[in-house]
Amino acid sequence: MPGLQTCPLIYEMGQELEEAVSSAGYQWYDTMEIHPQKIKDEQEDAGKPAFVDFKRVVWHDSFKILLKTIKKHAKDGHWVKCGDNIDRHLFPCVLILSADYEEQCIMAAIRGGGANANKPCPVCLVDGEDMGKFLEQYVMRTTDEARLNLENTKLETTKEQQNEVLKVTGLRPIANAFWDIENSDPYRALSWDRLHSYPGGLGRHLIEELTNVRFKKIEGKDKRAVQAAVETRARNFPRWSGLIHFPHLLTDNSYQDSNKWEDSARVLLFTVFNMFPPSDRINHQLLRCLRSFLNLNAYSSFENFTSSTLADIESELRIFANEIEKYAQINKETKSWNFPKLHTHMHMINDILGKGATKNFNTKPNEAMHKVLKLFYLFMTNFRDVDTQLVTFEHWSYTAVFIRDQLDRLDACNSDPSMGEGAPSRGRPGRAAGCKHVWEHITFGSPQKTTLLHKFSVRTAIGEKNFPSQLDRLDLMSSVNTLLAANPAATDFKITSQTMIQDFRMMRVQYESKETWDVEENILRCTPLFNEKPRFDSVLVQTDDGPLFARLLLLFTLSNSKGSRTIPFAVIEPYDAPIPTQVRKHDSSLQMLRVRPPTPSVPEVVFARSIIRGTLLIPDWEEESSDFMVFDILDSDMFLRVKEIRSK
C-alpha cells in the first residue's frame, strides 16, 4: 500500500473445519490484528549482517509477545467448554506456519540464500550444492538441535568463532520465538508454499527460460515467423471457463497474479509443443521439464490424496529433478538451476501427510486478501491511523458476506424445500430455480423455438458455415430411429409426423470428480454465435467401448405432444480414429494424448445423458490436420481421467 506497510495476521482453519464453516454460511478466516512495520533499511545499514540480524531479532521478540497469550496454556492446558457443552482440556500449539521462502527463513532464523549458502532450507539440513537433486532422505531440523547449536556459541569468545559454529546448520544468532511454546516445533510447522513455489516460482522460471531466452535465441529468417506463429496460436487458443486467455505469450508476459503464471505455463506447453523437432535437444528437453512441472502442479492442487497418489508425486519429483539436470547438462549457457524453490517441494509429501491438502498451508488465501485491504486503504480511509479503520471495514465486509450467504441459502431452500438444512452453499453446483429441462445429471439451457421434426434443419441450427462436410453426411431422423431401436428403454417412443423438436445451445453437466469425489459442473455450449464467434465445446461421452472424446454439435429434445415424455439427444462428431504407433510414440515424450476424427467424419446422435463431462481439445496447429490434443491439465478430474485412459 502506498504510504504505509501493514501486516494482517490471519487465523486459518483446517480443511474439514473450513468446509463446515463455509457450508454454514460463514467466512473461514478472520483478521486478528494489524501491525504497521516501522523498521526500514537505511542506506548506510542496508545489507550489513549486524542490521540483518537486528531486524530478525525484532521480529522474533515481537512475535514472542503474541505467543505469550498461549505460552502457559500450551504447557499446562486450558479447560474449555466446547460447542457440544462438553468440557475439554486443550493444549494450544503452532501446527502450521504458512509463508513464502524468504519469510520462512526469518521464522526459522536461518541465513537462507542460494547455492552458495550453507544449509539454505528452513526445514532440513540439505547442502546448498544439493538443492537441485532428488535425495532419498533428508536430515530434518529439530528444535533441540537448534537450541544446542545456539548454546554452543556461548563457549566461543569472538563473533567470528560463533559464526563458524552457527554455519554448520545455517542458523542466525537468534533465540527463536517458537522454541518457548510447548509441542510447537517451528521446523515441522513450516510448510511448503505452493503459491510461491510453483506458479510464482518454478513455473515462472520455466516460462521465462522458454519465452525470454530460448525463443530469442532462434537464428536466421525463421525467427520472426516462429514468434508470430506462437502469438497467433495464443490468440486462437480455445476458451474455457476459468482458464485465462492470453493474446500474447512472448510479450507482455510479466504478471503480478500467480493465477496468470499458472495458466500461462499450461497454455504455453500446448501452444509450442510441436514447434521444436526432436533433433532440437535443448528446447525439447526444456519442454519435458515444463511437462513434468505441470504434472506436479496438478498433483499438488489435489484436495484428496491416496497412497498411490503420494507414490505418483514422489515418482514425478524424481523425474522432474532428472529432467532439470539433463537440461542443465546439454545447455551450458543456461542459468544455475540450483536454487531453494527447486528443493523445497521435496517436502511436499511430508507436509501433506502431516497437515492434509496443500490448500491448508498455502499462502494464496492470505495473498487474496491483500487486494481488498488495498482497496479499503485507497478509497475508504483518510490515510491516518488506518489500522483501526481497516479492521472496521473488514468487519463490514464480513457482515455483508454473511448476509449474502444467508440470502443465497434462503433462495435455494425456497426453490427446493426438500433441501432444507442441506441446501448447497454459495459456490457449489445446484439446479436453477424453476428449470424445466433437467434429466438426471444434465440440464439444457438457451432453448430455441419448437418445431415439427420433419421441418427442422440441422444446418440452420448449427450454422451454414460450421461443419459443412460433416453435416452433409448426417441423416438426423434415421440416426434417431436407429438409436431408439437399439435402446430397450426407449422402444416405446415412436417418431410420427407430429413429433416435435426443440434445440438448445447450452447445457450444464454434473459429474462426480475422480479426485475430490464431490459433484462438479461444466457449462457447455454449442452455438453458431457466442461472443461474436461460433462456439462448439468438446465432451467426454460414455460408450460401450469406454470414454469417447467428441465435439458437441447440437442439443435437442423430442416429444410427441405437449406435456408428454421428452427425450434429450445430442449430435456429436466422434474422435475415435486410430492414431499411428509412430505418432503416439512421438506424443508420449511430452505425455500428450492425441485424438482425431475418422475419415470421412460422420456425426452421430447419442442420448445426452451419456455425456460424462466437458473437455478442452487443442488443435495440433499443423496445416491440413484435423487432430486435437486433449488438455489433460484442465482440472484434477480430467488429469486423472486422461491418466487412466493413457494407461489403457
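**Close-up views of a predicted model**

**View 1. The lining of the largest cavity.** In this predicted model, the lining of the largest cavity divides by class into six nonpolar, six polar and three charged residues. The lining has 15 residues in all. Q104, W192, D193, S197 and T344 lie nearest the centre of the cavity. The volume of the largest cavity is about 120 Å³. The model has three cavities of 30 Å³ or more.

**View 2. The second largest cavity.** This cavity has a volume of about 50 Å³. Its lining is made by F273, H284, H586, D587, S589, L590 and M592. By class, three of these residues are nonpolar, three are polar and one is charged.

**View 3. Helices α7 and α10.** Helix α7 covers residues 194–214, and helix α10 covers residues 281–300. Their axes come within 11 Å. They cross at roughly 160 degrees. Angles over 145 degrees count as roughly antiparallel, so α7 and α10 are roughly antiparallel to each other. Their crossing is left-handed.

**View 4. The contact of α7 with α10.** From α7, the contact takes in R194, Y198, P199, L202, G203, L206, E209, L210 and R214. From α10 come I282, N283, L286, L287, C289, L290, F293, L296, N297 and S300. By class, the contact has 12 nonpolar residues, four polar and three charged.

Methods: Residues are numbered from 1 along each chain as its sequence is written. This is a predicted model: local features need pLDDT of at least 70, side-chain atom pairs count only at pLDDT 80 or more; totals for chains, interfaces and linings use all residues. Side-chain values use heavy atoms; hydrogens and water are left out. Axes are lines fitted to C-alpha atoms, for helices over the stretch in contact, and angles run from 0 to 180 degrees between N-to-C directions. Helices (H or I, at least four residues) and strands (E, at least two) are DSSP runs, numbered from the N terminus. Angles under 35 degrees count as roughly parallel, over 145 as roughly antiparallel, 65 to 115 as roughly perpendicular and the rest as oblique. A crossing is left-handed if the near helix is turned anticlockwise from the far one by less than a right angle, and right-handed if clockwise. Contact means heavy atoms within 4.5 Å. Ala, Val, Leu, Ile, Met, Phe, Trp, Tyr, Cys and Pro count as nonpolar, Asp, Glu, Lys and Arg as charged, and the others, Gly among them, as polar. On a 1 Å grid over the protein atoms alone, a cavity is a set of points where a 1.4 Å probe fits but cannot get out, and a pocket is an open set with protein on both sides within 12 Å along at least five of seven lines; lining residues have an atom within 4 Å of a point. Grid points are joined across faces, edges and corners, and a volume is the space filled by probe spheres set on the points.
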